[in-house]
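Thanks for coming, everyone. Please bring up the structure and keep it in view while I talk.

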Amino acid sequence: MSPANAAFPAGSVRPADESKTSRPTVAFAHLGCEKNRVDTEHMLGLLAQAGYGISADERDAAVVVVNTCSFIQDARQESVRTLVELAEQGKELIIAGCLAQHFREELLESLPEARAIVGTGDYQHIVEVLERVEAGERVNRVSEVPTFVGDEHLPRYRTTSEAVAYLKVAEGCDYRCAFCIIPRLRGDQRSRTIESVVAEAHQLAAQGVQELILISQITTNYGLDLYGKPQLAELLRVLGEVEIPWIRVHYAYPTGLTSEVLSAYRDVPNVLPYLDLPLQHSHPEVLRAMNRPWQTGVTTELLGRIRQQLPDAVLRTTFIVGFPGETEEHFEHLLRFVEEQRFDHVGVFTFSPEDGTAAVDLPDPVPAEVAIERRNCLMAAQQPIAAERNASWVGRIVDVLIEQENPSSGEMIGRCARFAPDVDGEVRVSPGPGGLCASPGTMVPVRITASTPYDLQGEVVGARAMVEEALANRGSRG
């Protein structure tokens, strides 16, 4: 495979191209979100194309590119800890990503081992940066305002399994939520054209990708900057022609889930009815303080429309507790909202004050121990709901994308459509009658036989069971 369409398994090494001028091997350490992952994959592709050896093991190289995260304090601490550990090992560091965008010259000043910093809108220059470092320079390649977004022409080595790929449809964000530093780190929204996204989707389909995950900061706003109005519905309909069985969308803000978008979810067979809605809170006063007033009055009505138009929709959301000024009454409102709406999957975070955001100066901070108690309370309330939602799948026959297998037990591990990679549960699959099984990277029909609050269990079924179920379903409808 060429660098433009190859996969780069974790722990592997791609040797330097000896046909080029004795390029060294560069190791990579990746931190942060899936959007950051795509940037890492483009840097890997660019360096491989230029003849560098690339590795996921820092022991293989004297120079390590660390693609960092700076979204919240915990992420920054992990990034800094990784940098310090690598520096102590004597590695020369290229610091890329959000931490480089956030702190810029401070990193070069505080870490002598840092040979270069590369901003979130500058990773396409990674080869030039490495060449300058090799020549003895210390390089600052951080644009004041990020404006770049990669496309299908940029080389890429994927770090996910061969069956799963992320496709970044836009970069940056035009919203200014009071708690969020992303616009400062990633810039304003800039979308790729529909033609560009579809071209890359076809490339990934040709590689055997079974699940394509569309990502950006606000995917329901995709195309607004290019076309004058969001174009997610149009994009999904065109992607329906791409030969990839599952297309999943992250992240769906409430205001962008129009009737046209929901119709596309319903009508396009390979678009999964899985909606990741980062709601953050339910109480109008907290939402106003978060600078999300547009969400007030929208959420409950929208959730009703989603369930009406997409009866099988899987709903995931995230909430922030402990936001400045959040009272016990506000939290109780959120708790009741979660109990009433019965989401499939819920993530809860405690508020993290970030310099450079409006929320850092808000009065009435919530003590950390109170925020943690509220997070634990909300997750405890969600657990029986998650268990009930999973249990409703017992007895169904569903497609499962197999991702791992245990040769000793014969058990396979995968995901059905209700589980997104890395954030949701998994399906543990036993061979069916006659030893029916599947290898990683393939989809197989599985009858769900048991559930836990977070995972499912099942066994592979053959064509006869599938036909019998289809006939039974037709009979129940008639």
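Start with strand 16, residues 314-321: eight of its eight residues are buried, so the strand is largely enclosed by the rest of the structure. Buried means under 20% relative accessible area, with a 1.4 Å probe and protein chains only. Strands (E, at least two residues) and helices (H or I, at least four) are DSSP runs, numbered from the N terminus.

A word on the source. This is a predicted model: local features need pLDDT of at least 70, side-chain atom pairs count only at pLDDT 80 or more, and totals for chains, interfaces and linings use all residues. Residues are numbered from 1 along each chain as its sequence is written, and side-chain values use heavy atoms, leaving out hydrogens and water.

Back to strand 16. In a regular strand the side chains alternate between the two faces of the sheet. Here both faces are covered. Val314, Arg316, Thr318 and Ile320 are buried on one side; Leu315, Thr317, Phe319 and Val321 are buried on the other.

Which strands pair with strand 16? Strand 15, residues 271-280, pairs with it in the parallel sense over five bridges. Pairing takes at least two DSSP bridges between two strands. Leu277 stands opposite Thr317. Strand 17, residues 345-350, also pairs in the parallel sense with strand 16, over six bridges. There, Ile320 has Phe349 as its bridge partner.

Now the core. The largest nonpolar core has 53 residues. Such a core is a set of buried Ala, Val, Leu, Ile, Met, Phe, Trp, Tyr and Cys residues joined through side-chain atoms within 4.5 Å. Helix 7, residues 194-206, gives the largest share, six residues.

Terms used:
Buried < 20%, exposed > 50% of the residue type's maximum accessible area, 1.4 Å probe, protein only.
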